[in-house]
Amino acid sequence: MAEELTYRPARSDELAAAARVYVLADNDTDQRLHGRSLDEVPRPDDGEETAARDDLALLHADAPDRVWVALRGDEVVGVAAAAIRERHWHLVYLFVVPEAQGRGIGRELLERIHAVGIAAGCDLFSLQASDDPKALTRYLALGLGPHPPSIDLRAPAPTFPPPRVDDGLESHPLDPDDAAVMATVGDIDRLVRGVRRPQDLRRWLAAGAAGSLLTRRDTGAPAGYYLVSDRGEQGRIGPVAAIDEERFAAVLARALVAAAASPRAGLAWRIDVPGENRGAIAPLFAAGFRPRRLSNVFASAPIGRFDRYAYHDEDLL
Ligand SMILES: CC(C)(COP(=O)(O)OP(=O)(O)OC[C@H]1O[C@@H](n2cnc3c(N)ncnc32)[C@H](O)[C@@H]1OP(=O)(O)O)[C@@H](O)C(=O)NCCC(=O)NCCS
């Protein structure tokens with residue numbers, strides 16, 4: 001039977017259905033490729049779908065064409081969504097419901113969301129991929145190549161280091177109303193993350209994250225910055241960015257000390273580290289972090305200087 005398929009930017013009232021597509025496709029992939037023990041089977045109310053809907057709403061608020069849907073009649077059967085920050089396009093979602101996979105819907109969606117990036121002037125394209133051969137096929141066909149995977153590290157009971165007074169750094173709390181500090185953090189993002197993204201920093205701070213710009217005590221020059229947040233179900237460390245690779249450990253140590261100051265005793269913590277950042281691993285292991293999984297990273301070129309960076313999260317980097 002011929003299928004009538006439509007591709008177009010998502011309407012706000014379709015984001016919940018698009019999040020459902022993600023949950024169905026993601027669970028099916030996990031089962032198919034990795035198997036799953038019973039205690040890993042997600043409960044219907046585990047928040048995964050709500051979190052995806054919130055993520056999609058955030059991207060949709062940037063511009064409606066940052067989220068595309070594939071429709072069979074009026075049923076959403078596929079979703080593609082991307083975050084665009086200056087010259088950088090990052091694919092956050094590409095999912096097709098299991099029964100409609102392998103018939104070209106993903107290809108159509110990816111072509112359209114990629115074209116949105118080109119039209120926005122992007123020349124740097126990236127994403128984190130599942131192990132599904134169909135996804136790998138699509139991304140390699142798009143001309144993206146594998147980069148070092150990102151590492152999701154968790155500390156259920158962290159042992160944060162004590163503060164060090166001799167690290168040569170001066171701390172300036174991140175205050176969204178302090179234009180000079182925010183501009184300097186933007187400059188660091190441009191150098192290390194690859195692009196500025198002031199809207200993300202402001203949103204994270206408004207949601208309760210705290211952090212500091214760090215300057216060198218000897219020269220007064222910027223050294224890096226970090227954010228930490230203890231507001232969610234688990235604490236998050238990141239972004240952590242150092243202008244010089246050899247100073248990453250000191251900037252990370254400041255972030256860990258800030259996390260240790262959280263009043264939420266017993267909180268588990270998470271940090272996502274690019275595979276390029278070898279220097280992050282030993283101090284994170286010492287603080288009780290252990291790897292949970294690696295994610296495939298595909299990109300058209302290096303995005304930033306990731307040997308001295310830790311992400312905020314896998315979607316917005
Ligand atoms: C990845 C995904 C979005 C692709 O969408 P899709 O509609 O299934 O993909 P398409 O039919 O457009 O393309 C599949 C490609 O994989 C190839 N392929 C490789 N292995 C395959 C397999 N086992 N079965 C079917 N196709 C396969 C196909 O030949 C096709 O390439 P081609 O167009 O060059 O011939 C979809 O399969 C999906 O949702 N997968 C599960 C979730 C996932 O991994 N999402 C990606 C997250 S990064």
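Nine aromatic pairs are found in a search of the whole structure, where rings of Phe, Tyr and Trp (its six-membered ring) pair if their centres lie within 6.5 Å, and planes under 30 degrees apart count as stacked, over 60 as edge-to-face and the rest as tilted. One of the pairs is formed by Trp89 and Phe125, which is tilted because the ring centres are 5.3 Å apart and the planes stand at 55 degrees. This pair links distant parts of the chain, with Trp89 in strand β4 and Phe125 in strand β5, 36 residues apart. Helices (H or I, at least four residues) and strands (E, at least two) are DSSP runs, numbered from the N terminus.

The model is predicted, so local features need pLDDT of at least 70 and side-chain atom pairs count only at pLDDT 80 or more, while totals for chains, interfaces and linings use all residues. Residues are numbered from 1 along each chain as its sequence is written, and side-chain values use heavy atoms, with hydrogens and water left out.

The ligand has 22 residues around it, of which Gly102, Gly104, Gly106, Ser130 and Arg138 come nearest; a residue is near a molecule if one of its heavy atoms lies within 4 Å of it. At least two residues of this shell come from each of α1 (15-34), β4 (88-96), α3 (105-119), β5 (124-129) and α4 (133-141). The most, six residues, are given by α4. The shell holds nine nonpolar, eight polar and five charged residues. In this classification, Ala, Val, Leu, Ile, Met, Phe, Trp, Tyr, Cys and Pro count as nonpolar, Asp, Glu, Lys and Arg as charged, and the others, Gly among them, as polar.

Oxygen atoms of the ligand lie 2.7 Å from a backbone N or O atom of Gly106 and 2.7 Å from an N or O atom in the side chain of Arg138. In the side chain of Asp132, an N or O atom is 3.0 Å from a nitrogen atom of the ligand. On its own, the ligand has 950 Å² of accessible area, and the protein covers 73% of this (Shrake-Rupley method, 1.4 Å probe).

The second largest pocket is lined by 15 residues, and Pro161, Pro162, Arg164, Ala253 and Arg254 lie nearest its centre. A pocket is an open set of points on a 1 Å grid over the protein atoms alone, where a 1.4 Å probe fits, with protein on both sides within 12 Å along at least five of seven lines; lining residues have an atom within 4 Å of a point. At least two lining residues come from each of α7 (248-260) and α8 (281-286), and α7 supplies the largest share, six residues. By class, the lining has eleven nonpolar, one polar and three charged residues.

Two backbone features remain. The peptide bond from Gly238 to Pro239 is cis, with omega near 0 degrees, and Pro239 is found in strand β10 (residues 235-242). Glu86 is not a glycine, yet has a positive phi of about 50 degrees; Glu86 lies in the loop between β3 (75-85) and β4.

Note on methods
Polar contact = N/O pair within 3.5 Å; in protein donor to acceptor, adjacent residues only side chain to side chain.
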